[in-house]
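Thank you for coming, everyone.

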Amino acid sequence: MNDSTVPQRRVPWPAVIVFVLVACALAWVVILPLWLGDGLAEPISAVLLPVMMFTPAVAVLVVTFLMRVPARGQRARFLGLWPLRPAKREVWLMVAAWLVPPLLVGLSILVAVALGFAQLDLTFAGFAAELAKALPAGTPLPPVEVVVLAQLAALPVGALFNSIFAFGEEIGWRGWLVPALRPLGTWPALLLSGVIWGIWHSPVILLGYNFGRTDITGVLFMIGGCVAWGILLGWVRLRSASVWPAVIAHGSLNAAGGLVVLFAAAQPDLALAGPLGVAAWIVLAVVALVLQLTGQFRRQPELAGAPEQLLSPRP
């Protein structure tokens, strides 16, 4: 199905605004103790960061059950929770979502090296130095190659574990927001949802999370990374009519986020070389271009039945 055949229905702007405000406000509330304390150095940050990931899910509950968008009877299908069919397509897209993000992160590392954003070190000396600094002095370490192999072998399991927390975000961004914005057209919906996703990260980005930048440049780089990855996550959501491939892909991305630290000779500028940085934007832009040229963005199953009733709030 292409844009010209998608039934025309309006964007529920009041619900979209409420969703964005609730998700962003709750994110700031959750992270406030870090702002009042020592920032990311606070031990409780290990708890608050995962909790923050569920604030979009709370926003979904607000717009779904209080504003009744979508209408009752369409909710599970609109959010991409159920049904999972055709099963073959769903399974293959989930497998791709599980395995492809680490490959794309790996490609972004190669692009970063080619552009001079990072220096490749296959002896892993840089990683060994970072590991030694993170452990108490005198702590015995196995050979660094063993640690690296263990990290790589753990990626598939880490992807599935991270998917538990990624669900809290994806039920909001790709589960509710992308379909809600879908009447704007595929590309506007993907780009706008990516921008919102990036802005939502502001409470932790301004503390130095991800990029080590505590000013607006960190937020702008995060918006760029979220738009780039949001196009891919949004595509797999629209192509499958299911939120689950996006959940798995998000979890897989988070699991692979530290790969650049393993292979870089020294800590690079993550705004350039990290999985959300400029090198990754280039890789993801190429992927998006290939999908566009092969017509993949036009192949979208209907997101829900009874489209004329889908976004009509009940009194």
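Let me begin at P86, which is found in the loop between α4 and α5; helices here are DSSP runs of H or I with at least four residues, strands are runs of E with at least two, and both are numbered from the N terminus. A cis peptide bond joins R85 and P86, with omega at about -5°.

Before I go further, a word on where the values come from. This is a predicted model, in which local features need pLDDT of at least 70 and side-chain atom pairs count only at pLDDT 80 or more, while totals for chains, interfaces and linings use all residues. Residues are numbered from 1 along each chain as its sequence is written, and side-chain values use heavy atoms, with hydrogens and water left out.

A cis peptide bond also joins V69 and P70, with omega at about 5°, and P70 sits in the loop between α3 (55-66) and α4. In the loop between α3 and α4 you will also find R68, which has a positive phi of about 55° although it is not a glycine. N210, in the loop between α10 (202-205) and α11, has a positive phi as well, of about 75°, and is not a glycine either.

Let us turn to the helix α5, which covers residues 87-114. How do α5 and α12 (residues 244-256) pack? Their angle is about 20°, with the axes 8 Å apart, where axes are lines fitted to C-alpha atoms, for helices over the stretch in contact, and angles run from 0 to 180 degrees between N-to-C directions. That makes α5 roughly parallel to α12, since angles under 35 degrees count as roughly parallel, over 145 as roughly antiparallel, 65 to 115 as roughly perpendicular and the rest as oblique. The residues of this contact divide into 13 nonpolar, 1 polar and 1 charged; Ala, Val, Leu, Ile, Met, Phe, Trp, Tyr, Cys and Pro count as nonpolar, Asp, Glu, Lys and Arg as charged, and the others, Gly among them, as polar.

With α11, by contrast, α5 packs at an angle of about 170°, the axes being 10 Å apart, and α5 and α11 are therefore roughly antiparallel to each other. By class, that contact has 8 nonpolar, 1 polar and 3 charged residues.

Also in α5 is S108, which is buried, with a relative accessible area of 1%; buried means under 20% relative accessible area, exposed over 50%, and partly exposed in between, using a 1.4 Å probe and protein chains only. Not counting residues up to four places away in sequence, S108 touches A279, A280 and V283, contact meaning heavy atoms within 4.5 Å.

Finally, the largest nonpolar core has 84 residues, of which F19, I31, W176 and W229 touch the most other members. A nonpolar core is a set of buried Ala, Val, Leu, Ile, Met, Phe, Trp, Tyr and Cys residues joined through side-chain atoms within 4.5 Å. Leaving aside neighbours within four places in sequence, F19 is in contact with residues including P56, W173 and W176. L79, in the loop between α4 (75-78) and α5, is buried at 8% and touches, among others beyond four places in sequence, W176.
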